[in-house]
Amino acid sequence: MRVTTAEDVLAAFARTPGDVAAARRVARGFADLDEGERSALLWSEDPGARLLAVVLLVQAMRRRPDPELAEEYLGAARAERIDRADLVDIAAEELVGAPMVGGSTGPLFALAKSDVAWVRRIAVVATLAFVKQGDADVPLAVVGRLVRERGETVQSALGWVLREVGKRASEPALVTFLERQGRFLTKDALATATEHLPTADRDRLRQTR
């Protein structure tokens with residue numbers, strides 16, 4: 001029997017539009033791909049290969065939660081192989097955040113201290129797992145540690161997570177946070193964070209910039 005390779009996955013992906021939805025469709029067809037072949041995709045210079053690898057990791061985690069999947073992803077991130085927003089935004093919540101819900105969040109705060117901006121973005125986006133459980137405390141604590149960062153890589157994630165805190169966890173907690181620290185957000189991040197607030201609060205908080 002012929003063994004499926006990373007090249008087979010890439011060939012299938014090449015016949016698609018090459019977006020995230022296509023990567024998910026292709027990955028479902030290669031769920032049994034050998035771990036070594038998946039690793040070859042993850043460490044490839046081809047951006048499409050890395051997208052496929054990340055999707056494969058997420059799908060594997062859904063089938064059978066395994067901390068080694070998160071470590072595989074974070075290892076690539078620390079080596080700056082995870083170097084685009086989509087590679088973070090489709091995976092950080094499920095691979096990194098969800099396994100920490102109900103357990104120690106120390107590793108999450110360690111990620112927030114990373115020298116690699118994309119790892120710091122992972123720390124922020126991973127907190128969506130807590131937001132969806134109605135927990136505003138962990139996300140706001142992580143955001144609070146990174147709110148003074150200027151780079152768009154992290155700031156855009158801050159705005160997104162803050163908006164979700166207000167929508168899904170605690171609007172009062174979001175308003176209080178923004179009253180204290182909203183001035184440190186970029187204009188775009190603050191606009192995103194306040195999107196779903198009542199008009200009076202939104203207008204008032206945006207004036208802190």
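This is a predicted model: local features need pLDDT of at least 70, side-chain atom pairs count only at pLDDT 80 or more; totals for chains, interfaces and linings use all residues.

Colleague: Which residues lie nearest the centre of the largest pocket, and which elements give two or more residues to its lining?

Modeller: Of the 13 residues that line the largest pocket, Glu35, Arg38, Ala60, Arg64 and Leu69 lie nearest its centre. The elements that give two or more residues to this lining are α3 (35-42), α4 (47-63) and α5 (67-78).

Colleague: What is the volume of the second largest pocket, and how do the residues of its lining divide?

Modeller: The second largest pocket has a volume of about 200 Å³, and its lining divides into 11 nonpolar and 3 charged residues, with no polar ones. There are 14 lining residues here, and Ala70, Glu71, Leu74, Val96 and Met100 are those that lie nearest the centre of the second largest pocket. Two or more residues of this lining come from each of α5, α7 (92-97) and α8 (106-112), and the largest share, 5 residues, is that of α5.

Colleague: Let us turn to a helix. Is α9 mostly covered or mostly open?

Modeller: The general idea for a helix is that, with 3.6 residues a turn, residues three or four places apart point the same way. In this structure, α9 is mostly covered, with 9 of its 10 residues buried, and among these buried residues are Trp118, Arg120, Ile122 and Val125.

Colleague: Why does Arg120 count as buried, and what does its side chain reach?

Modeller: Arg120, which lies in helix α9 (residues 117-126), counts as buried because its relative accessibility is 14%, and buried means under 20%. The side chain of Arg120 reaches two backbone oxygens, that of Ser114 at 2.8 Å and that of Asp115 at 3.3 Å.

Colleague: Where does Ser114 lie, and is Ser114 buried or exposed?

Modeller: Ser114 lies in the loop between α8 and α9, and with a relative accessible area of 17% Ser114 is buried. A polar atom of the side chain of Ser114 lies 2.9 Å from the backbone nitrogen of Val116. To place Ser114 against another part of the chain, take Pro198, which is 84 residues apart from Ser114 in sequence and 35 Å apart in space, C-alpha to C-alpha.

Colleague: What should I look for around rings, and which charged end sits over the ring of Phe184?

Modeller: The count of aromatic pairs comes to 0, but the charged end of Arg148 sits over the ring of Phe184, 4.0 Å from the centre of that ring.

Colleague: What is phi of Glu80 near, and where does Glu80 lie?

Modeller: Phi of Glu80 is near 65°, a positive value in a residue other than glycine. Glu80 lies in the loop between α5 and α6 (85-89).

Technical notes. Residues are numbered from 1 along each chain as its sequence is written. Side-chain values use heavy atoms; hydrogens and water are left out. On a 1 Å grid over the protein atoms alone, a cavity is a set of points where a 1.4 Å probe fits but cannot get out, and a pocket is an open set with protein on both sides within 12 Å along at least five of seven lines; lining residues have an atom within 4 Å of a point. Helices (H or I, at least four residues) and strands (E, at least two) are DSSP runs, numbered from the N terminus. Grid points are joined across faces, edges and corners, and a volume is the space filled by probe spheres set on the points. Ala, Val, Leu, Ile, Met, Phe, Trp, Tyr, Cys and Pro count as nonpolar, Asp, Glu, Lys and Arg as charged, and the others, Gly among them, as polar. Rings of Phe, Tyr and Trp (its six-membered ring) pair if their centres lie within 6.5 Å; planes under 30 degrees apart count as stacked, over 60 as edge-to-face and the rest as tilted. A charge sits over a ring if NZ of Lys or CZ of Arg is within 6 Å of the ring centre and within 35 degrees of the ring normal. Buried means under 20% relative accessible area, exposed over 50%, partly exposed in between (1.4 Å probe, protein chains only). A polar contact is a pair of N or O atoms within 3.5 Å; within protein, one must be able to donate a hydrogen and the other to accept it, and residues adjacent in sequence count only if both atoms are side-chain atoms.
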